[in-house]
Amino acid sequence: MPAKIYKYERVLAYLDNILLPALEPGMLLPDTEQLCRELDCSLITLNHALAILSRRGRIKRIRNKGTVVLAPALREKPLPKRRLVRVLGIAPGMWNFMRAMETALTRYRDCHEELEFRFEYPQVDEWFDRIRDHDYDLIFGNTDAIRLIMNSPELRGRVMILEQLRKLEFSREDFPDNLIGFCSELNHWRAVPLTAAPVFQLTNPRHPEIDPARLPDSLPEFLDYLRRRQSGGRPMLAIRMALSYIETFFRARKLSLFSLDGTRCLIDTPEAQHLLEQLSGFITRDKLLFPITTQIESRFFAHNNVLENILDENLAIRWASGLDFYPGNEIKYHITPPPGALHTPGTHLFLEGVMAGINSDPDLVTPILNYLQSIAVQNLLVGCAGVPARQDMRTLLLARLEPAYPGITRTVHATLPHATPVRCGSPTASTVLLEYIQAILGGLLSVPEGCRQAMRRIETEFKLRNR
């Protein structure tokens, strides 16, 4: 099987073999925006290729002037071959956190010229084979990816136990107990949590009908409160159609979608079906709830404030974990726990972290892991799934955010210890269940029929997985 050619390698080959030979020494390369258009690549990819050419002495990048082609006599002696650090993650276009990590590791590389990072972003369904068959130095994962690794003995064996990294600045006292339990197995830590967040309830302070201080904590009373204040058939609450957010409704009723060991679906219980009937009516009949779909989210990220405008103008409340933090003088949202969030097991836990591959060099990865822990991830890029997981970094950031998001400090401190991820032994089963719940809530399937079909497919999936 031929080796994969990465995008930056194609860009590098074009610049080195075609563009530079056509230019005289002292001439400027076209600006980066033009090169990105012509080469159909991102600025990160282009800068990666230009940095390599600069180290080879082919070009010189001058601030406020541009990139100059160097004459052969002026070219510096090439540096020794760099040490490759292989990184596995989820594509930055799908995961803002990974974009922040790319930025952080690029800065780290600028201070450690002996290193070269190679980022690989396979499809999620390829993760199992990639981790099993290849050696990676760093593996970045969200809640689902970390759960996939922790639930599989085969994949766990491909990830280093953190106790082996003797110089790692890492202590259990830095993290809540629920993060310890999720990132460890048999009392051995395997993942370094970098950001964490429960589901937040964001109340629009400009909405005339809602007083954040008077929102009931009981889910039935909360929904009745919203229905009594609804006017003109306009939705009051927005919720993303993802299993983690939907399950917050179930947890508020002390229900679960899966058993504690993640091997059995509980969607067919009378209590679960009654709640689905209620939620479906609130969405399709009463128009009380506004489902945020993938299409709306993609429009938001592509055109920035589309979703913000929808929420600000029409909705009183929305549930979120990944807040777009823009601290300022104007109060955007008042943040409180959603109904039932303080009831064990509380609300969903969103987590983003990093693991070291089993064959990685401890002397190589330990300083990188210490560096990633030391930075306030949220300060690098808005849109990450949460606040820093480490207590010291989280305290600093919450103090900075509190003026613009009143209530966030109290909410995070009160809710985070009770938050837990959706537990399912199979990512496929979670995907199947979400498909049927979306169909039920959208009125495409009746609750009994949707639950029957979902249970049939999920039971088949669990049988196949356990063979």
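Before any volume, I wrote down my terms: on a 1 Å grid over the protein atoms alone, a cavity is a set of points where a 1.4 Å probe fits but cannot get out, while a pocket is an open set with protein on both sides within 12 Å along at least five of seven lines, and lining residues have an atom within 4 Å of a point. Grid points are joined across faces, edges and corners, and a volume is the space filled by probe spheres set on the points.

**Ground rules.** I am working with a predicted model, where local features need pLDDT of at least 70 and side-chain atom pairs count only at pLDDT 80 or more, while totals for chains, interfaces and linings use all residues. Numbering runs from 1 along each chain as its sequence is written, and side-chain values use heavy atoms, with hydrogens and water left out.

**Cavities.** I searched the whole structure and got three cavities of 30 Å³ or more. The largest cavity comes to about 50 Å³. I counted 10 residues in its lining, with Leu-194, Leu-372, Gln-373, Pro-388 and Arg-390 nearest the centre. Strand 8 (192-197) and helix 14 (362-374) are the elements giving two or more residues to that lining.

I sorted linings by class: Ala, Val, Leu, Ile, Met, Phe, Trp, Tyr, Cys and Pro are nonpolar, Asp, Glu, Lys and Arg are charged, and the others, Gly among them, are polar. The largest cavity has eight nonpolar, one polar and one charged residues in its lining.

The second largest cavity has a volume of about 40 Å³. Its lining includes Ile-131, Tyr-136, Arg-158 and Gly-357. By class I get four nonpolar, two polar and two charged residues there.

**Whole chain.** I have 19 helices and 15 strands on my list. Of the 467 residues, 54% are buried, where buried means under 20% relative accessible area, exposed over 50%, and partly exposed in between (1.4 Å probe, protein chains only).

**Cores.** A nonpolar core is a set of buried Ala, Val, Leu, Ile, Met, Phe, Trp, Tyr and Cys residues joined through side-chain atoms within 4.5 Å. The largest one has 71 residues, and Phe-117, Leu-138, Phe-140 and Leu-372 have the most contacts inside it. Helix 4 (residues 96-111) gives the largest share of this core, seven residues. Apart from it I found another core, of 52 residues, including Phe-222 and Leu-275.

Next I checked touching, meaning heavy atoms within 4.5 Å. Leaving out residues up to four places away in sequence, Phe-117 touches His-48, Leu-105, Arg-109 and Leu-138, among others.

**Leu-88.** I placed Leu-88 in strand 3 (residues 83-88). Is Leu-88 buried or exposed? Leu-88 is buried, at a relative accessible area of 0%.

Lys-254 has a positive phi near 60° and lies in the loop between helix 10 (243-252) and helix 11 (270-285). I put Lys-254 down as exposed because its relative accessibility is 64%. Lys-287 has a positive phi near 55° and lies in the loop between helix 11 and strand 11 (289-292). Lys-287 counts as partly exposed, because its relative accessibility is 43%.

Methods
Helices (H or I, at least four residues) and strands (E, at least two) are DSSP runs, numbered from the N terminus.
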